[in-house]
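Work through the following exercises with the sequence and the model at hand. Each task is followed by a solution that goes step by step.

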Amino acid sequence: MSVHKRKLKSGGHVWAYCFDAPGSGRTNRRQIYASGFASKKEAQDAEAARRIEAQREQELRIETQGPIPATLASLLEEFFSEHGAKALAAKTLQRYREMARYLKPELCAMPLTAIRPIHLSREWNRLLVSGGKGRKAGKPLSRKTVRNIAGMLSSAYTRGMRWGIVDMNPVPASEPPVPKKKEGIALTTQQQELLIAAATASWGMDVFLELDAAVGARRGELLGLQWSDLQGNRLMIGRSLSQVGKQVFLKEPKNEKVRTVTIPESALKRLKEHRKRQQPYREQFGDTYQGDFMFCNPDGSPLRPDSVSSSVSLLFRKLKLPKGASLHTLRHTHGSHLLAAGVPLTDVSKRLGHTNPHVTATVYAHALPGRDDLAAKAWEEFQKRQVTDESPVQPLRRSH
């Protein structure tokens with residue numbers, strides 16, 4: 001975390017903060033650190049002020065009369081450093097940089113004025129056939145991955161057009177591959193119970209999975225929960241724990257709104273028992289215990305989201321549950337089960353934290369119950385009425 005407690009040799013402790021300076025990257029990482037604060041709030045306030053100051057310093061260092069990007073590689077770097085570092089979430093920027101590494105060096109070295117849709121179309125085909133990197137070098141990339149790479153490149157071109165660097169965006173005309181639509185995996189109640197029962201991690205994975213199944217929150221939202229967010233039988237979801245590389249930090253949730261979610265009684269009971277099991281660790285670590293997280297390491301420090309996902313995926317495979325199932329499957333299962341139970345779409349949308357019901361309807365279209373059954377029944381009833389009706393239905397006439 002950026003704010004943490006530091007133990008002194010004298011036996012006392014102080015609060016400190018540490019964060020990556022604006023413009024830092026994997027190859028030029030620079031951290032800003034300060035210590036000696038008497039309280040956590042004092043350290044947080046000082047950190048907030050220093051972040052603003054550091055951002056201003058970074059803006060002053062930027063050379064406004066620097067060279068204009070002339071190649072695709074330089075456009076991408078300009079996009080990452082000038083737009084991404086300021087406007088994109090750290091996780092998104094990291095993912096964009098990873099996507100750019102898949103592009104062929106010869107393509108990245110081409111002048112922007114020379115790149116045409118045909119060049120990009122050939123690149124999509126190459127990636128689909130042999131675009132893999134690292135352990136998967138030379139292996140095909142999925143249509144979804146290639147589509148995401150094209151989306152990243154399109155965003156860079158769009159920004160370049162706003163900056164006056166390029167006149168057009170060739171990505172749409174290159175016809176990036178369209179991924180095959182896949183329905184999300186939903187577990188049965190029995191599979192869900194099997195998964196929870198098999199979870200044995202000391203930090204309370206079983207309770208974590210049961211709460212996930214019961215409220216359908218996102219991974220980061222659950223890992224960012226603190227005990228102060230529990231009010232009676234309700235959770236106040238207003239932050240998310242994110243990970244970029246090895247760095248873990250709190251951020252606002254996806255739609256930047258706090259939502260209230262009611263916890264079912266069974267899950268609430270398990271959660272309270274979990275809190276009691278945490279108490280011995282609090283007493284053991286005393287003043288060095290970090291934070292107030294519901295799910296954390298023994299010393300109170302936050303868990304690494306990526307490690308949690310990996311552990312859950314491993315458990316799915318060990319239990320031979322549906323292929324491709326992951327931690328996110330519990331969220332999808334929650335929404336699917338609610339819709340199958342007849343809960344109104346708007347209520348499900350609000351509970352899941354979607355921006356609007358249309359998003360929910362699109363993601364969970366397969367789970368909306370009985371639509372085709374209702375259509376078949378309505379047709380049959382209409383036919384029966386027509387048999388007994390004295391005035392037959394008049395055929396539709398075409399207007400000329």
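A crossing of two helices is left-handed if the near helix is turned anticlockwise from the far one by less than a right angle, and right-handed if clockwise. The model is a predicted one, in which local features need pLDDT of at least 70 and side-chain atom pairs count only at pLDDT 80 or more, while totals for chains, interfaces and linings use all residues. Residues are numbered from 1 along each chain as its sequence is written, and side-chain values use heavy atoms, with hydrogens and water left out.

**Exercise 1.** Describe how helix 7 and helix 8 pack, and state in which hand they cross.

Solution. Helix 7 passes helix 8 in a right-handed crossing. Gln 192, Leu 195 and Ile 196 of helix 7 meet Asp 206, Leu 209, Glu 210 and Ala 213 of helix 8, contact meaning heavy atoms within 4.5 Å.

**Exercise 2.** Find the angle and the axis distance for helix 2 and helix 6.

Solution. The angle is about 80° and the axes lie 10 Å apart, so helix 2 and helix 6 are roughly perpendicular to each other. The residues in contact include Phe 79 and His 83 of helix 2 and Tyr 157 and Trp 163 of helix 6. By class, this contact has 10 nonpolar, three polar and three charged residues (Ala, Val, Leu, Ile, Met, Phe, Trp, Tyr, Cys and Pro count as nonpolar, Asp, Glu, Lys and Arg as charged, and the others, Gly among them, as polar).

**Exercise 3.** Which elements do the buried residues of helix 6 pack against?

Solution. The buried residues of helix 6 include Val 146, Ile 149 and Arg 159, where buried means under 20% relative accessible area, exposed over 50% and partly exposed in between (1.4 Å probe, protein chains only). They pack against helix 2 (72-87), helix 3 (90-100) and helix 5 (117-130). Just after helix 6, Gly 164 takes a positive phi of about 80°.

Terms used:
Axes fitted to C-alpha atoms, helices over the stretch in contact; angles between N-to-C directions. Helix = DSSP H or I, 4+ residues; strand = E, 2+ residues; numbered from the N terminus. Parallel < 35°, antiparallel > 145°, perpendicular 65-115°, else oblique.
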